Each structure stands twice: as structure tokens, then as C-alpha cells.
Amino acid sequence: MVGIIPFVGLVVPNIVSRLMGDNLRGTIPWVALSGGLLVLGCDILGRLLRYPYEIPVSTVMGVVGALLFLRLMFGRPTYA
Amino acid sequence: MPDRRLIVLFALAVSAMLAFMTVGLRGNLAFVLELRGLKLLALLQVAISIAMSTILFQTVTANRILTPSIMGLDALYLLGQTAMIFSLGGLGYAALGGGWKFTSEVLLMMLLAMALLWPLLRSRTEVNLMLLAGVTLSLLFRSLTQLLSRLLDPNAFAVVQTSSFANFNAIQTDMNLFGTAVTLAAALLCWRARHVLDIIGLGREAAIGLGVNWTKAIAALLLLVSVQVAISTALVGPVAFFGLLVSALAERIMPTHRHGLLLPAAALIAIILLVSGQTLLEYALDGASALGIVIEFVGGLVFLFLLFFGSRK
């Protein structure tokens, strides 16, 4: 429907499980909600950055998602 | 007495160059030879830069799968270019001469590379994490480039397009003299660093024990790699897997860790592959396919092969 949007599937579940643990029954609704929130937020950002023109959500998501993912990868507290 | 394999490689490289200059010659000789000569010069620069930067990078990171382009350095160069056009405006950028343009782009890229890749290289990260970070970083750079070019006005965007349009069929030959000088200087620096590289290949602890200033050496090598990547990207655009292909071949042909042999072998192999490939596609197959695509295909296969079956350390 919208082409490729990178990083959503990679970042969102990881953040949610970092916050709420990994009990899927508890987290799945939150994953769905926050995924929607993130993509929507990026879309709004893309519409605002160069108003009245639009920037595709995949581009904005690429930047935001990559930054989030790097943060997740290297900001991780090391267990064991 | 140079190694016999090096001599064979050298002979092959020379014959590839001769073939490139002579196959299917007709028409106005002076014009054709000048055209081909410029192209050949650019191809040589690309080959040497990619081969040497890949070997350097692999030695510094101590593994045989990472290459500068997998870590997103060429995407970084394009990002720097777009950022410059973004800040100077299309006209201001176009008003800079070829040499100044390239110099400032390289400086910007060095700055970005130091800021973004330096922490990654300095902390001892595992290979897998490094690979993941590299892929993510190059995606980030690419997205940022796209974002910036979306923010540009159409005129400036046209400048971006013309300056990043380079590929093997449309080599940018406007900065040949300057580029050649930079390539030669970088290659010379690599060659002079060959013994230090041998020591760095032993690993961090051993190198420090043998008296190498690790931080300084790694920083200098990262800068050198950035310059070389900038040259090749400026000339033919991003080439993802060529460096990997070349270094893998060089390791097979020269099973040694001595950079005095490895560096020239890699450069010669790169020259042979690029020049003969271009000759074949352009004059024998009448430009039926693009060299870039063939190289990415073969190089990608090599990458997968190395990932799955590992390589000799």
C-alpha cells in the first residue's frame, strides 16, 4: 500500500519488549499501537518539514528508525 | 626480487590496459585515444583506490567481510555532497571549481567519518554487531541524503543529480589531474604504511606491545580510507561489492599477511578486473550490459559465499 518502510518491524517490538518485558500476550497490543504511533508520527513530521510539500514517510522513517536502532544496539545495558 | 605472481599480475594488467586502448580502434585516432586514455586513467584510479581502501579497512577491523562500502562510507560521501549543495545552494556549489569541490567534499567526509565511524572502530565491537551497525549506518546515510535532496529546491536538486549520476558508463572525467594526484599520494601513503599495517594485522594488544600508537594509527588509516572511497565514489559512484571481490581474490592468490605483497596484488587484480571487464562489455559485447551490474552480481555472490563458508583468517 505504501511501498517499503524500513525499520518499523525492527525497532518497535524491541523498544516495547525493553519497556514491558517479553510476555507476548501482554505486549502485542502495545506493539501494534506504538508501531502505528511511530509511523504516524513520522508521516506528520514528513508533512511538516517542508510544508506545503510532503516528504515520503519511508525517508523520514529511514532516518528516525536508523537512529533509534543504533541507539538500541549500542545503548544496551549488557547483561552477563 | 618481486614475487613471481606479482609479475604475472602486472603483465596481465598491462595487457588489459593495452587491449582497452586498442580493441576496435577506428575513426579519428587522436580523438579516440584521448577519450579512451581519460577513461582508462579514471578506471585505474577507481581500481587502485577501491582495492587499497578495502585492504586497509579489513586490516584495521581485523576481519575479511567488512569493506568501506558495506560500512556506508560511499553513502557518507554522497551525503556530504548533498549536504554541501544544501548549504551552499546549487549555484554556489556549481561555482566551485572541480578541485575545490572535491577537496571540500573530502574534508567534510573525513569529519563525518571521524565523528560517526570512529567510536565504532575504537571500541572493540564484535564483527556481527559491526556488520549490523554498518548496514544500519549506510541506510541512515542514504535516508539522510534522500531527506536532504527532498528539502532542496528543484535547481539545486538538478545539481545533485548531475554530480551523483556517475557510474561506469558515465565516468566523471572532469577532475582527472587532481584525482590522479590524490590517488597517487594516497597509494604512496598506503605503501609506506605497509609494515605498520603488518603489525596492526596482529591485533590491538600485539600491535601496542610492538610499539604502534594504536589510536593514532587507526585514525590515520580511517582518514586515508575516507579519501580513497571519496575518489572512487566521485568517479564512478557507489560500488558495493567490488572491494570485497578484489580482496577475496587477492587473499586466494597471495596467501600471505604481508601488505607489501597484498596491497600491490589487490590493486593489480582490481585493475585487471575493471579494465578487462570494461573492454569486454564496451567493445566486444557492444555495451550490452553495464559493468557495475556485473561486478555487483559477482561481488555479491562472493560476499554471500564468505558469509556462509567463512574465509581463511
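The crossing of helices α1(A) and α2(A) is right-handed (left-handed if the near helix is turned anticlockwise from the far one by less than a right angle, right-handed if clockwise). The model is a predicted one, in which local features need pLDDT of at least 70 and side-chain atom pairs count only at pLDDT 80 or more, while totals for chains, interfaces and linings use all residues. Residues are numbered from 1 along each chain as its sequence is written, and chains are lettered from A in the order in which they are written.

Helices are DSSP runs (H or I, at least four residues), numbered from the N terminus. In chain A, the axes of α1 (residues 8-20) and α2 (residues 24-49) come within 9 Å and cross at roughly 130 degrees; axes are lines fitted to C-alpha atoms over the stretch in contact, and angles run from 0 to 180 degrees between N-to-C directions. α1(A) is therefore oblique to α2(A) (angles under 35 degrees count as roughly parallel, over 145 as roughly antiparallel, 65 to 115 as roughly perpendicular and the rest as oblique). The contact (C-beta atoms, placed from the backbone, within 7 Å) includes A:V8 and A:M20 of α1(A) and A:W30 and A:L38 of α2(A).

Between the chains, α3(A) (residues 57-74) packs against α6(B) (residues 127-151) at an angle of about 150 degrees, with the axes 8 Å apart. α3(A) is therefore roughly antiparallel to α6(B). The crossing of α3(A) and α6(B) is left-handed. Among the contacting residues are A:F69 and A:M73 of α3(A) and B:L129 and B:R150 of α6(B).

How values were computed: Helix = DSSP H or I, 4+ residues; strand = E, 2+ residues; numbered from the N terminus. Contact = placed C-beta atoms within 7 Å.
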